[in-house]
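Here are some notes for a colleague opening this structure for the first time. Please read them with the model on screen.

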Amino acid sequence: MEQQKASENVLKLAADQKRQKEQLHAKIIELEKQLNVKQKLELEIQQLKGKLNVMKHMKNDVDFDVPDKMYALHRDLTEKERLLRAMNALNQTLIVKERKSNDELQEARKELITTIQEMPSRGNIGVKRMGEIDNRPFLEVMRKKFNTNDAEDRASKLCSLWEEHLKDPDWHPFKIVIIQGKHQEVIDNEDEKLKELKNEMGEEVHGAVVAALKEINEYNPSGRYVTSELWNYAEGKKATLREGVKVLLKEWKLKRRKKGRRM
(Lines give C-alpha, C1' and ligand atoms only; values in the text may rest on other atoms or scores of the structure.)
Protein backbone atom coordinates (compact mmCIF):
# COMPACT_ATOMS: atom_id res chain seq x y z
CA MET A 1 0.00 0.00 0.00
CA GLU A 2 2.86 2.35 0.86
CA GLN A 3 4.54 1.59 -2.47
CA GLN A 4 1.32 2.23 -4.37
CA LYS A 5 0.74 5.47 -2.48
CA ALA A 6 4.32 6.60 -3.14
CA SER A 7 3.97 5.80 -6.86
CA GLU A 8 0.66 7.67 -7.07
CA ASN A 9 2.22 10.65 -5.26
CA VAL A 10 5.12 10.76 -7.73
CA LEU A 11 2.68 10.56 -10.64
CA LYS A 12 0.65 13.43 -9.18
CA LEU A 13 3.84 15.40 -8.53
CA ALA A 14 4.93 14.89 -12.14
CA ALA A 15 1.58 16.15 -13.45
CA ASP A 16 1.53 19.14 -11.06
CA GLN A 17 5.12 20.08 -11.80
CA LYS A 18 4.55 19.81 -15.55
CA ARG A 19 1.52 22.09 -15.33
CA GLN A 20 3.36 24.60 -13.10
CA LYS A 21 6.36 24.57 -15.40
CA GLU A 22 4.17 25.25 -18.43
CA GLN A 23 2.55 28.18 -16.60
CA LEU A 24 5.92 29.56 -15.58
CA HIS A 25 7.27 29.25 -19.11
CA ALA A 26 4.25 31.12 -20.43
CA LYS A 27 4.83 33.95 -17.95
CA ILE A 28 8.54 34.12 -18.75
CA ILE A 29 7.78 34.27 -22.48
CA GLU A 30 5.39 37.11 -21.75
CA LEU A 31 8.10 38.91 -19.80
CA GLU A 32 10.54 38.43 -22.64
CA LYS A 33 8.00 40.05 -24.94
CA GLN A 34 7.96 42.97 -22.52
CA LEU A 35 11.73 43.38 -22.79
CA ASN A 36 11.24 46.28 -25.20
CA VAL A 37 8.96 47.92 -22.65
CA LYS A 38 11.65 47.55 -19.99
CA GLN A 39 14.32 48.98 -22.27
CA LYS A 40 12.01 51.85 -23.17
CA LEU A 41 11.40 52.53 -19.47
CA GLU A 42 15.13 52.58 -18.78
CA LEU A 43 15.65 55.02 -21.65
CA GLU A 44 12.83 57.28 -20.44
CA ILE A 45 14.28 57.26 -16.92
CA GLN A 46 17.66 58.41 -18.25
CA GLN A 47 15.98 61.11 -20.33
CA LEU A 48 13.97 62.35 -17.32
CA LYS A 49 17.11 62.47 -15.18
CA GLY A 50 18.77 64.52 -17.89
CA LYS A 51 15.84 66.93 -18.03
CA LEU A 52 15.83 67.28 -14.24
CA ASN A 53 19.52 68.18 -14.28
CA VAL A 54 18.83 70.82 -16.89
CA MET A 55 15.94 72.20 -14.78
CA LYS A 56 18.17 72.47 -11.72
CA HIS A 57 20.43 74.86 -13.63
CA MET A 58 17.40 76.93 -14.65
CA LYS A 59 16.21 77.65 -11.09
CA ASN A 60 17.51 81.20 -11.20
CA ASP A 61 15.90 81.97 -14.56
CA VAL A 62 12.82 84.14 -14.83
CA ASP A 63 10.66 81.20 -15.94
CA PHE A 64 8.23 80.80 -13.02
CA ASP A 65 7.00 77.47 -14.41
CA VAL A 66 10.35 75.74 -13.71
CA PRO A 67 9.43 74.45 -10.18
CA ASP A 68 6.16 73.00 -11.46
CA LYS A 69 7.91 71.38 -14.41
CA MET A 70 10.56 69.94 -12.09
CA TYR A 71 7.88 68.53 -9.81
CA ALA A 72 6.08 66.90 -12.77
CA LEU A 73 9.34 65.44 -14.10
CA HIS A 74 10.28 64.13 -10.67
CA ARG A 75 6.86 62.51 -10.28
CA ASP A 76 7.18 60.83 -13.70
CA LEU A 77 10.67 59.66 -12.86
CA THR A 78 9.56 58.15 -9.53
CA GLU A 79 6.66 56.29 -11.17
CA LYS A 80 8.77 54.88 -14.00
CA GLU A 81 11.47 53.74 -11.55
CA ARG A 82 8.76 51.99 -9.50
CA LEU A 83 7.47 50.21 -12.62
CA LEU A 84 10.97 49.12 -13.53
CA ARG A 85 11.62 47.73 -10.03
CA ALA A 86 8.30 45.84 -10.15
CA MET A 87 9.17 44.27 -13.53
CA ASN A 88 12.61 43.20 -12.29
CA ALA A 89 11.15 41.75 -9.08
CA LEU A 90 8.50 39.76 -10.98
CA ASN A 91 11.06 38.42 -13.41
CA GLN A 92 13.34 37.33 -10.55
CA THR A 93 10.44 35.65 -8.71
CA LEU A 94 9.49 33.63 -11.80
CA ILE A 95 13.09 32.54 -12.34
CA VAL A 96 13.35 31.35 -8.71
CA LYS A 97 10.03 29.47 -8.99
CA GLU A 98 11.07 27.75 -12.19
CA ARG A 99 14.41 26.77 -10.65
CA LYS A 100 12.62 25.31 -7.62
CA SER A 101 10.19 23.44 -9.88
CA ASN A 102 13.08 21.99 -11.88
CA ASP A 103 14.88 20.93 -8.68
CA GLU A 104 11.77 19.09 -7.45
CA LEU A 105 11.38 17.35 -10.80
CA GLN A 106 15.02 16.27 -10.75
CA GLU A 107 14.68 14.88 -7.21
CA ALA A 108 11.61 12.86 -8.25
CA ARG A 109 13.51 11.62 -11.32
CA LYS A 110 16.50 10.53 -9.21
CA GLU A 111 14.21 8.57 -6.89
CA LEU A 112 12.62 6.82 -9.88
CA ILE A 113 16.02 5.95 -11.35
CA THR A 114 17.23 4.50 -8.03
CA THR A 115 14.06 2.40 -7.62
CA ILE A 116 13.91 1.13 -11.22
CA GLN A 117 17.60 0.18 -11.14
CA GLU A 118 16.82 -2.30 -8.36
CA MET A 119 13.92 -3.88 -10.28
CA PRO A 120 14.14 -6.73 -12.81
CA SER A 121 14.42 -5.42 -16.37
CA ARG A 122 11.06 -5.54 -18.14
CA GLY A 123 9.68 -3.66 -21.12
CA ASN A 124 11.03 -0.60 -22.89
CA ILE A 125 11.50 1.72 -19.89
CA GLY A 126 14.66 1.28 -17.88
CA VAL A 127 17.86 2.94 -16.72
CA LYS A 128 20.63 3.68 -19.21
CA ARG A 129 24.19 4.53 -18.18
CA MET A 130 25.01 7.57 -20.30
CA GLY A 131 28.62 7.70 -21.46
CA GLU A 132 29.33 4.01 -20.83
CA ILE A 133 31.11 2.32 -23.76
CA ASP A 134 29.41 -0.74 -25.25
CA ASN A 135 32.09 -3.44 -24.98
CA ARG A 136 30.46 -5.84 -27.48
CA PRO A 137 32.22 -4.43 -30.58
CA PHE A 138 35.56 -4.69 -28.72
CA LEU A 139 34.85 -8.34 -27.93
CA GLU A 140 33.90 -9.16 -31.53
CA VAL A 141 37.12 -7.65 -32.89
CA MET A 142 39.28 -9.42 -30.30
CA ARG A 143 37.64 -12.78 -31.08
CA LYS A 144 38.66 -12.37 -34.70
CA LYS A 145 42.25 -11.45 -33.78
CA PHE A 146 42.94 -13.80 -30.86
CA ASN A 147 41.74 -17.10 -29.41
CA THR A 148 38.53 -17.22 -27.40
CA ASN A 149 40.27 -17.45 -24.02
CA ASP A 150 42.29 -14.24 -24.51
CA ALA A 151 39.63 -12.28 -26.38
CA GLU A 152 37.39 -11.41 -23.44
CA ASP A 153 40.26 -10.26 -21.23
CA ARG A 154 41.85 -8.18 -23.99
CA ALA A 155 38.51 -6.61 -24.95
CA SER A 156 37.81 -5.70 -21.31
CA LYS A 157 41.22 -4.07 -20.87
CA LEU A 158 40.99 -2.07 -24.11
CA CYS A 159 37.43 -0.93 -23.32
CA SER A 160 38.56 0.16 -19.82
CA LEU A 161 41.45 2.10 -21.37
CA TRP A 162 39.05 4.05 -23.60
CA GLU A 163 36.72 4.70 -20.68
CA GLU A 164 39.71 6.35 -18.98
CA HIS A 165 40.31 8.42 -22.12
CA LEU A 166 36.71 9.63 -21.93
CA LYS A 167 37.30 10.87 -18.36
CA ASP A 168 40.38 12.87 -19.38
CA PRO A 169 39.41 16.59 -19.22
CA ASP A 170 42.39 17.49 -21.43
CA TRP A 171 41.05 15.39 -24.31
CA HIS A 172 38.27 17.21 -26.13
CA PRO A 173 37.65 15.63 -29.55
CA PHE A 174 34.94 18.11 -30.53
CA LYS A 175 34.68 21.11 -32.81
CA ILE A 176 32.21 23.97 -33.21
CA VAL A 177 30.25 24.14 -36.46
CA ILE A 178 27.34 26.29 -37.61
CA ILE A 179 24.18 24.30 -38.40
CA GLN A 180 21.12 26.23 -39.59
CA GLY A 181 22.61 29.44 -38.24
CA LYS A 182 23.36 28.01 -34.79
CA HIS A 183 26.70 27.07 -33.24
CA GLN A 184 26.81 23.38 -32.33
CA GLU A 185 29.47 21.09 -30.90
CA VAL A 186 30.11 17.93 -32.92
CA ILE A 187 32.69 15.13 -32.96
CA ASP A 188 35.97 16.11 -34.61
CA ASN A 189 36.62 13.27 -37.05
CA GLU A 190 40.17 14.54 -37.54
CA ASP A 191 41.07 13.87 -33.89
CA GLU A 192 44.25 11.75 -33.88
CA LYS A 193 43.12 9.32 -31.16
CA LEU A 194 39.82 8.60 -32.87
CA LYS A 195 41.46 8.22 -36.29
CA GLU A 196 43.99 5.77 -34.85
CA LEU A 197 41.22 3.78 -33.12
CA LYS A 198 39.22 3.56 -36.34
CA ASN A 199 42.24 2.41 -38.36
CA GLU A 200 43.29 -0.23 -35.83
CA MET A 201 39.94 -1.52 -34.52
CA GLY A 202 37.42 -0.71 -37.25
CA GLU A 203 34.12 1.13 -37.63
CA GLU A 204 32.13 -0.71 -34.93
CA VAL A 205 34.57 -0.03 -32.08
CA HIS A 206 35.05 3.55 -33.26
CA GLY A 207 31.26 3.97 -33.35
CA ALA A 208 30.88 2.67 -29.79
CA VAL A 209 33.44 5.17 -28.46
CA VAL A 210 31.91 8.06 -30.43
CA ALA A 211 28.42 7.20 -29.13
CA ALA A 212 29.71 7.25 -25.54
CA LEU A 213 31.52 10.55 -26.19
CA LYS A 214 28.34 12.18 -27.46
CA GLU A 215 26.35 10.97 -24.45
CA ILE A 216 28.90 12.13 -21.90
CA ASN A 217 29.22 15.50 -23.62
CA GLU A 218 25.44 15.95 -23.56
CA TYR A 219 24.64 14.63 -20.09
CA ASN A 220 27.76 15.40 -18.06
CA PRO A 221 30.29 17.55 -19.96
CA SER A 222 31.81 19.15 -16.85
CA GLY A 223 32.25 15.96 -14.81
CA ARG A 224 33.15 13.65 -17.72
CA TYR A 225 31.88 10.55 -15.91
CA VAL A 226 29.06 8.07 -16.52
CA THR A 227 25.59 9.08 -15.27
CA SER A 228 22.32 7.13 -15.03
CA GLU A 229 19.24 8.29 -16.94
CA LEU A 230 15.64 7.12 -17.13
CA TRP A 231 15.42 5.83 -20.69
CA ASN A 232 12.80 4.81 -23.24
CA TYR A 233 14.62 2.12 -25.23
CA ALA A 234 11.82 1.75 -27.79
CA GLU A 235 12.06 5.41 -28.82
CA GLY A 236 15.77 5.89 -28.06
CA LYS A 237 15.27 8.92 -25.82
CA LYS A 238 14.85 10.04 -22.20
CA ALA A 239 11.73 8.60 -20.57
CA THR A 240 9.25 10.91 -18.88
CA LEU A 241 8.40 10.79 -15.17
CA ARG A 242 4.96 9.48 -16.06
CA GLU A 243 6.48 6.57 -18.02
CA GLY A 244 8.74 5.74 -15.08
CA VAL A 245 5.86 5.77 -12.58
CA LYS A 246 3.81 3.49 -14.84
CA VAL A 247 6.66 0.95 -14.63
CA LEU A 248 6.52 1.10 -10.82
CA LEU A 249 2.75 0.64 -10.74
CA LYS A 250 2.96 -2.27 -13.20
CA GLU A 251 5.60 -3.97 -11.05
CA TRP A 252 3.54 -3.41 -7.90
CA LYS A 253 0.43 -4.95 -9.51
CA LEU A 254 2.47 -7.93 -10.71
CA LYS A 255 3.79 -8.57 -7.19
CA ARG A 256 0.30 -8.22 -5.77
CA ARG A 257 -1.08 -10.84 -8.16
CA LYS A 258 1.76 -13.26 -7.32
CA LYS A 259 1.14 -12.75 -3.60
CA GLY A 260 -2.60 -13.37 -4.12
CA ARG A 261 -1.90 -16.72 -5.86
CA ARG A 262 0.33 -17.90 -3.01
CA MET A 263 -2.38 -17.08 -0.49
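1. Start with helices H5 and H6. This is a predicted model. H5 covers residues 148-167, and H6 covers residues 192-201. Their axes come within 13 Å and cross at roughly 165°. That angle is over 145°, the cut-off for this class, so H5 is roughly antiparallel to H6. The crossing of H5 and H6 is left-handed. On the H5 side, Leu158, Trp162 and His165 make the contact. On the H6 side, Lys193, Leu194, Leu197 and Met201 make it. By class, the contact of H5 with H6 has 5 nonpolar residues, 1 polar and 1 charged.

2. Now step back to the whole protein. It has 8 helices and 5 strands. From the N terminus, the elements run α-α-α-β-α-α-β-β-α-α-β-β-α. The protein has 263 residues, and buried residues make up 30% of them. Consider the contacts between residues at least 6 apart in sequence: 66% of these join residues at least 24 apart.

3. Next comes helix H4, residues 136-145, which packs with H7. The angle between H4 and H7 is about 160°, and their axes are 8 Å apart. That makes H4 roughly antiparallel to H7. The crossing of H4 and H7 is left-handed. H4 brings Pro137, Phe138 and Val141 to the contact. H7 brings Glu204, Val205, Ala208 and Val209. By class, this contact of H4 with H7 has 6 nonpolar residues, no polar ones and 1 charged.

4. Which residues of H4 are buried? They are Pro137, Phe138, Leu139, Val141 and Met142. What covers the buried residues of H4 includes H5, H6 and H7. Pro137, Phe138 and Val141 also belong to the contact with H7.

5. Look at the open sheet of 3 strands. Its order is S1-S4-S5, with antiparallel pairing. S1 (125-130) and S5 (237-238) stand at the edges. Each has a single partner strand, so one side of each is left without a neighbour in the sheet. S1 pairs with S4 (residues 227-232) in the antiparallel sense, over 6 bridges. In this pairing, Met130 stands opposite Thr227 in S4. In general, strands of a sheet pair through backbone hydrogen bonds, either parallel or antiparallel.

6. A helix lies across this sheet. Helix H7, residues 203-219, lies across S1, S4 and S5. H7 runs at about 95° to S1. H7 also packs with H4, as point 3 describes.

7. Check Glu229, which is found in strand S4. Is Glu229 buried or exposed? Its relative accessible area is 9%, which is under the 20% cut-off, so Glu229 is buried. Setting aside residues up to four places away in sequence, Glu229 touches Arg109, Ile113, Gly126, Val127, Lys128, Met130, Tyr219 and Lys238.

8. Move to the hairpin of S2 and S3. The two strands pair in the antiparallel sense over 6 bridges. Val177 stands opposite Gln184 in S3. The hairpin has 2 residues between the strands.

9. Gln180 is found in the loop between S2 (174-179) and S3 (182-187). Gln180 has a positive phi of about 55°, although it is not a glycine. Gln180 has a relative accessible area of 81% and is exposed.

10. Finish with Leu84 in helix H3, which covers residues 66-117. At 14% relative accessibility, Leu84 counts as buried. How far is the C-alpha atom of Leu84 separated from that of Glu42? The separation is 7.5 Å, with the two residues 42 residues apart along the chain.

Methods: Residues are numbered from 1 along each chain as its sequence is written. This is a predicted model: local features need pLDDT of at least 70, side-chain atom pairs count only at pLDDT 80 or more; totals for chains, interfaces and linings use all residues. Side-chain values use heavy atoms; hydrogens and water are left out. Axes are lines fitted to C-alpha atoms, for helices over the stretch in contact, and angles run from 0 to 180 degrees between N-to-C directions. Helices (H or I, at least four residues) and strands (E, at least two) are DSSP runs, numbered from the N terminus. Angles under 35 degrees count as roughly parallel, over 145 as roughly antiparallel, 65 to 115 as roughly perpendicular and the rest as oblique. A crossing is left-handed if the near helix is turned anticlockwise from the far one by less than a right angle, and right-handed if clockwise. Contact means heavy atoms within 4.5 Å. Ala, Val, Leu, Ile, Met, Phe, Trp, Tyr, Cys and Pro count as nonpolar, Asp, Glu, Lys and Arg as charged, and the others, Gly among them, as polar. Two strands pair if DSSP finds at least two bridges between them. Buried means under 20% relative accessible area, exposed over 50%, partly exposed in between (1.4 Å probe, protein chains only).
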